[in-house]
Amino acid sequence: MKIAVCAKYVPESTAARRIDPETKRLDRSGEGALNPFDVNAVEEALRLKEAGGDGEVVIVSLGPERALEAMRRALAMGADRIVLVADEAAAGSDLVATSRVLAAALERESPDLVLFGQQANDADGAVLWAAVAERLQRPLISQVAELSLEDAKVRGKRQTEYGYDVIDAPLPAVVAVSDAINEPRYPSLKGIMGAKKKPQETVSLADLGVGAEEAGEAGSRTTVEALNDPPPRGDTVKLEDDGSAAEKILEFLQERKAL
Amino acid sequence: MRFLVFLEHHEGRLQKDSLGLLSKAASLGGEVEAVLLGSEVNELAAEAGKYGATKVWVDDDVLLDKPLSQPRVDALETLLGDQEFDAVLFAASVLSADIAAALAARLDAGLNYDLTDLAVEDGKLVGKRPALGDSVYADVGWTSEPRLALIRSGTFEPKEAGGSAEVAPFESRFQDFSLAATMVEQAHEESQGPSIEDADVIVAAGRGLGGPDNFGLVEELAKALGGAVAATRAVVDAGWYPYSTQVGQTGKTVSPKLYVAVGISGAIQHKVGMQSSGLIVAINKDPNAPIFEYADLGVVGDLNEIVPKLTELVRARKAA
Amino acid sequence: MTPLRPSEFPPPFDPNEFIVAPGEPEIEVGVLIVGAGPAGLACAIRLGQLLEDAPELAERLGDVPVAVLEKGKQPGSHLLSGAVVNPVSLRSLFRGRLGTSDMPFAGRVEHESVYYLTPKRAMRIPTPPTMRNSGNYVTSLSQFGRWLAEQAEEAGATILPETTGHALLVDGRVQGVRTGDRGRGRAGEELGNFEPGSDIEARLTVLAEGTQGHLTGVALDHFGLQGDNPQIWALGVKEVWKVAKPLDRVIHTMGWPLRAGAKYREFGGSFVYPIGEDMVTVGMVVGLDYRDAELSVHDVLQELKTHPLLRKLLDGGERVAWGAKTIPEGGFVSLPRQLHAPGLLICGDGAGLVNVPALKGIHYAVESGRLAAEAAFAALQPGEAVGRRGALAGYDESLQQSFVWSDMKQVRNMRQAFGRGFWLGGAMAGAMTASRGHFPPGDAATEPDADQELIRTDRAKSYPATDGTLTFDKLSSVFLSGNATRDDAPNHIRVRDRVPPELAELWTRMCPAAVYEVGEEAGDGDVHVEITPSNCVQCGAITAKGGRLTPPEGGAGPDYKLT
């Protein structure tokens, strides 16, 4: 059974994140790491592979060349291969363009199951899985907190605003897991040492049959027009309780239509 | 501008957020239409008219009975292939986010998400969204049509405008793969109240609460306000409340409309988890607590006195 | 306040807990180096060079001839220094391969100034001879470490990040290291993703753990390697700022905000170094033999920044990094009597190889690592037995013949002189320099930091209220360090749970990361000590002042990038 995990290379420490005033997008020139939410997806893939007895877990990612180092963490955990789409022309891709490139990379692999993590912690990505499932023309289960594999189908417990749905999807399928699904393993020493030796492939858009105009800004359908300061919060209204604090709070909430 | 608003419904009621979107679209001028998909949903169409929709497109089909995203993509494609809309608006939810993103791929149409406002500037639709944990706001646009927009839950309030909508039934063409996923069990309304990620109101407590027994105060206020209870790292570390309610750098990030911080000092590790809340009210007996630097209303006082009183007042106000 | 010393309340720590018999090895390596800092990486690089020309030996060392353990997320994550580096040992290390122009230095020291500060004024004083820096380079040690790691990997070393050296495998001689467990809960219980530590068997183990090295402390104790004088430390807290105007010189200050009187024992000063054109690093270093329970180096740094000299430099800038770490300050007289044991070599800051008056240790670390590699290489030759008594004595010999030794000997009493206060100490330091260490003769005695009696003054009153622009609180600083320690990880800090309130307050103020808080009353006038181990940036100050730091699970702690 072949499981592909779509992983994202995200800028590292939250404290140092900046928006590039030129491109008006997140400055990704600094160091990055494997998106922590995708680590849950890697873990789930490894569990399914181990439960099944054999199989292959491939990490598929779209990012710069240096993303390989960060993705190696997945290899250290036990994944078998990395396929990284590293192409300058793909930089600045929005949802439409990114999903197109990823879908092409996934088609090439033809996995039985594609896994995504809950979200990208750089707040730049959301619901990529739905766009990719659409392009692959495969059934989708998202927000999965529990996943099981039976015969040729997956069953997922999907977390919604109203509680849990249970949804079945025949393979090949796309599943997006929530961070509640598992506690990712720590790589073992042998795993860390063996990671470098595992196959790590870098492909270009051309290798995937995707034209430069279909990716990057050219392939995107949304723009960032301007960056502004956040609307001012306004000054803090500070008061000391003289016995009437509760009333004053109520008044404040009413004024601001918070009730 | 011709808007199409996706109407989400659950157990016989239209979602408040969808209605809010109708009102917003109406306020932007232009034609506001809505789309309603499901099984045995025809009666809901009339509601939409009250909030500003002039026409509601309905596909009442047993294949749309369960809240699964993929058949709805087919339905929307069918409709959009037939009718030209400038923009399709979705109020974000687990379901609608999947629909909107797949639709974007299906139509090769741009999707802007996590929007906190919409405007028409120079005749063009502009979306507004926070970025980098609220430290910057971006104006976003589209280079294709229809313009797909996913708006953050709880952003727009529904305003009844009176009026009625024409109901226009249509029949979707479904793809095989869209119908492959099947719902074995469907979720029902949670009885415990909203989770902190979905809640519009959160009452959060920190070490200033004094001890786990005092959480009763917090729960009562949360109930009165119709919200969820959250906790700081220190409180969870001390075992007073479960980790699932932890807000902060190593817990969850929330952005409710109202965040009431009780006995919380507000160090940055906590702040980054709730700083984009609509309104922040802080109650703390330490006048130098950092939270007073970014709260909208800061009250220096004893939470043991203030919180129960506030709970009573809120209950009374809501009953009136 | 009844006088008390932190040493009267020793922590629940037994070094023997960390000496274990070898079990089934998970992996076997040739040379195992603990610590991917300048000493450890220099060792790895030199070994790689030597093994290049000795393929048979390389093969005999197995699949992994050289392995380097690093407890941080990656090399550099736990590295922090000023730093102004003397390139002499780096030149030796890379002779014939790379020059200083290939190394990631931020700039060369062109000018320097030393000031004596009072609350409002900055009086320029002549640069003491021990502090002259021309010919030296400024760098971020964290970044430099990352570069050294790349060189080490290119030279064939295998670096294992997020891996702690938890215990020494000893069976007569040191046989390797047991790594630390990962995935335990608060009470030590095994969580769902529990991963036990593994035994790494090695022909030779090199400890390059840096200040307060865990296994180093254990080894010094087990093999009886301590010298006549205990080690003492200073705590350095620093920040990196993006600034509007470039700084053209390295600056050192003495005096304010530290107090000169002998009873305070506040030895230290500050540094301000330019990091390239657009950044500046400012740090405060204070000896941990200070006495005042209210002293907080973190807050003294904030106070320092309010001085007009500093304000001018930082005006219009933005704080982009923060960190803290201890520095061994005992110098020559506090060195262990021997830096090797059967199967073991000890390098760098862990060995105490720092020239305190010159504020330099990185070039000693690199040199000791290089010499350790050469000694290891010699001891691993066919016909040699690494475990033979005296097999590794060559390391100590070469170290004693190097400039490291002669340098440190020359300045050996200087730091101890400052125990007499700033003015007398300064005068004595001057005499020592002029006489090249011959005056005063003999070796000064050193008292452990934890033996200093506590006093209390109103020191805390003068700490500035934090404004979030120039001055910051500890929790914001911890946030900026990229600290990623799990909230529910077991407590890695060993301190007595119940202590007199003054001691709890000492620790509360001392810790730059707000790990300790004065807790509830515990009876008999004592209080509980509240600990938040997830804040810990592993600076090591607690070990100097009555507790004991042990490494938390691999990957925890700060993720320094610019320090």
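Predicted model: local features only at pLDDT ≥ 70, side-chain atom pairs only at ≥ 80, totals over all residues.
Mentor: Residues are numbered from 1 along each chain as its sequence is written, chains are lettered from A and ligands numbered from 1 in the order in which they are written, and side-chain values use heavy atoms, with hydrogens and water left out.

Trainee: Why is D108(B) with R221(A) called a salt bridge?

Mentor: The rule wants a side-chain nitrogen of Lys or Arg within 4 Å of a carboxyl oxygen of Asp or Glu. The closest N and O atoms of D108(B) and R221(A) are 3.1 Å apart, so the pair qualifies. Across the interface of chain B and chain A, the rule finds three salt bridges.

Trainee: What makes β11 of chain A and β13 of chain B a strand pair?

Mentor: Strands here are DSSP runs (E, at least two residues), numbered from the N terminus, and two of them pair if DSSP finds at least two bridges between them. Three bridges join β11 (residues 163-170) of chain A to β13 (residues 182-185) of chain B, so they pair, and they run antiparallel. In that pairing, D168(A) stands opposite T182(B).

Trainee: How do you know that K257(B) and E157(B) form a salt bridge?

Mentor: Their closest N and O atoms are 2.8 Å apart, so the pair meets that cut-off too. Between domain 1 and domain 2 of chain B, the rule finds one salt bridge.

Note on methods: Helix = DSSP H or I, 4+ residues; strand = E, 2+ residues; numbered from the N terminus.
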